[in-house]
Amino acid sequence: MENFTFLSPTKIIFGRGVENQVGEETKVYSKKVLLHYGGGTIKRIGLYDRVVKSLRDAGVEFIELGGVQPNPRLSLVRQGIELCRKHNIDFILAVGGGSVIDSAKAIAVGVPYEGDVWDFYSGKAVPEKALPVGVVLTIPAAGSEASKSSVITNEDGWYKRGLNVEIIRPKFAIMNPEITFTLPPYQTACGAADIMAHVMERYFTHQKDVDFTDRLCEATLKTIIKNVPIVLEEPENYQARAEIMWASTIAHNDLLSTGRIGDWASHAIEHELSGIYDVAHGAGLAVVFPAWMKYVYKEDMDRFVQFAIRVWDVEMDFSNPERTALEGIYRLTQFFKGIGLPVTLEELGIPDDRLEEMADKCTNKGTKQIGNFKKLGREDVLNILKMARK
């Protein structure tokens with residue numbers, strides 16, 4: 001097990017009706033905030049009205065900035081930064097899913113910075129200050145409500161890049177599973193793939209003697225495998241929705257990273273898909289992850305055998321361990337198919353005429369490698385994309 005420091009300071013407020021506490025939680029930090037959200041969904045389901053009432057009852061003023069898109073855009077982040085500076089705002093309240101939260105985090109680091117906020121995402125600078133961020137979560141998927149991560153898409157070149165720093169972890173996350181009752185099935189399924197990918201990026205490690213976190217990862221995966229089919233059949237099943245929502249947070253608050261070195265190559269490859277083609281991140285991961293697995297499983301057959309047996313209940317074939325490993329990958333692929341997700345680039349609607357461009361962008365034209373389970377160069381990334389075609 002590797003040495004580690006674990007910090008997860010986000011206050012989790014979980015359960016029915018907890019969004020009504022947002023005003024009291026927010027006023028601890030500020031009496032004037034940016035209310036950041038996406039489209040009209042939060043207004044259609046009445047969440048916007050409840051949040052606004054709670055803020056006003058607590059004496060908190062707010063300036064609104066809606067319009068966050070999936071794969072959140074740098075242009076809106078810059079608009080939010082200017083809005084905060086103009087109105088002397090010192091707290092960002094994100095009401096939405098991962099895209100809204102990631103956008104809020106980007107605004108939070110951009111406000112006190114004299115340069116361009118993209119510097120942080122392109123690796124030119126590291127943020128030293130950030131406005132505090134609070135969250136009312138609407139979609140269990142990205143885990144951004146308690147993570148140190150933010151991913152933003154730059155429309156100039158369609159680069160999708162991430163920032164990972166402790167200072168952007170939200171101060172609180174308000175999580176009511178009832179809010180997720182109206183999520184469309186496809187969005188629910190995409191969220192499930194995102195959650196599972198966050199766990200699997202950590203699970204596939206060469207680190208030995210990490211059985212405790214192995215078991216935590218496996219339990220999180222099995223929780224998603226069990227409950228997602230339930231909510232697709234019963235959208236208002238509170239208990240199943242609650243299991244998924246809590247698993248989403250645990251999958252990405254770094255508890256499952258403790259003592260181990262993760263991979264993250266599949267996320268890097270998928271960012272090129274959704275950066276260029278604007279597909280749902282979870283759907284892209286459902287395509288990329290099985291292809292990555294087929295490309296790298298021989299690097300550590302035992303770990304893939306363990307994944308198959310413990311997560312998918314595959315019976316061990318002692319005469320042919322490779323068959324066991326491949327069966328685990330097959331069952332993951334079938335699970336994604338079964339919940340309505342694409343598992344090939346063709347099904348995702350992505351042509352194969354820009355695969356080399358994506359491989360170039362992912363590896364900076366071959367000058368860097370990605371991943372840890374197997375170090376991947378440009379040709380490796382291209383091969384994985386080709387494997388994912390059909």
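By class, how many nonpolar, polar and charged residues does the lining of the largest cavity have? The lining divides into seven nonpolar, three polar and one charged residues, where Ala, Val, Leu, Ile, Met, Phe, Trp, Tyr, Cys and Pro count as nonpolar, Asp, Glu, Lys and Arg as charged, and the others, Gly among them, as polar. The structure is a predicted model, in which local features need pLDDT of at least 70 and side-chain atom pairs count only at pLDDT 80 or more, while totals for chains, interfaces and linings use all residues. Residues are numbered from 1 along each chain as its sequence is written, and side-chain values use heavy atoms, with hydrogens and water left out.

The cavity itself comes next. A cavity is a set of points, on a 1 Å grid over the protein atoms alone, where a 1.4 Å probe fits but cannot get out; a pocket is an open set with protein on both sides within 12 Å along at least five of seven lines, and lining residues have an atom within 4 Å of a point. Grid points are joined across faces, edges and corners, and a volume is the space filled by probe spheres set on the points. The count by this rule is one cavity of 30 Å³ or more, and the largest cavity has a volume of about 50 Å³. Its lining includes Ile139, Pro140, Leu183, Val228 and Arg241. Helix α7 (185-203) and helix α9 each supply at least two lining residues, and α7 gives the most, with five. Helices here are DSSP runs (H or I, at least four residues), as strands are (E, at least two), numbered from the N terminus.

The second largest pocket holds about 170 Å³ of space. Leu216, Ala219, Thr220, Thr223, Glu243, Trp246, Ala247, Ile250, Leu255 and Leu256 form its lining. The elements that give two or more residues to this lining are α8 and α9 (238-252). Seven of the lining residues are nonpolar, two polar and one charged.

Helix α8 also packs against other helices. The axes of α7 and α8 come within 10 Å and cross at roughly 170 degrees; axes are lines fitted to C-alpha atoms, for helices over the stretch in contact, and angles run from 0 to 180 degrees between N-to-C directions. The two helices, α7 and α8, are therefore roughly antiparallel to each other, on a scale where angles under 35 degrees count as roughly parallel, over 145 as roughly antiparallel, 65 to 115 as roughly perpendicular and the rest as oblique. By class, the contact of α7 with α8 has 14 nonpolar, two polar and two charged residues.

With α12 (residues 301-312), the axis of α8 (residues 211-233) comes within 9 Å, at a crossing of roughly 50 degrees. Helices α8 and α12 are therefore oblique to each other. On the α8 side, Asp211, Asp214, Arg215, Glu218, Leu221, Lys222 and Ile225 meet Arg303, Gln306, Phe307, Arg310, Val311 and Trp312 in α12. The residues of this contact divide into five nonpolar, one polar and seven charged.

A further helix pair is α11 (residues 281-296) and α13 (residues 321-338), which pack at an angle of about 170 degrees with their axes 10 Å apart. Helices α11 and α13 are therefore roughly antiparallel to each other. Ala286, Pro290, Met293 and Lys294 in α11 meet Ile329, Leu332, Thr333 and Phe336 in α13. Six of the residues in the contact of α11 with α13 are nonpolar, one polar and one charged.

Finally, leucine 83 is found in helix α4 (residues 74-86). Leucine 83 and leucine 34 are 49 residues apart in sequence and 8.4 Å apart in space, C-alpha to C-alpha. Leaving out residues up to four places away in sequence, leucine 83 touches Leu34, Ile63, Glu64, Leu65 and Ile89.

Methods
Contact means heavy atoms within 4.5 Å.
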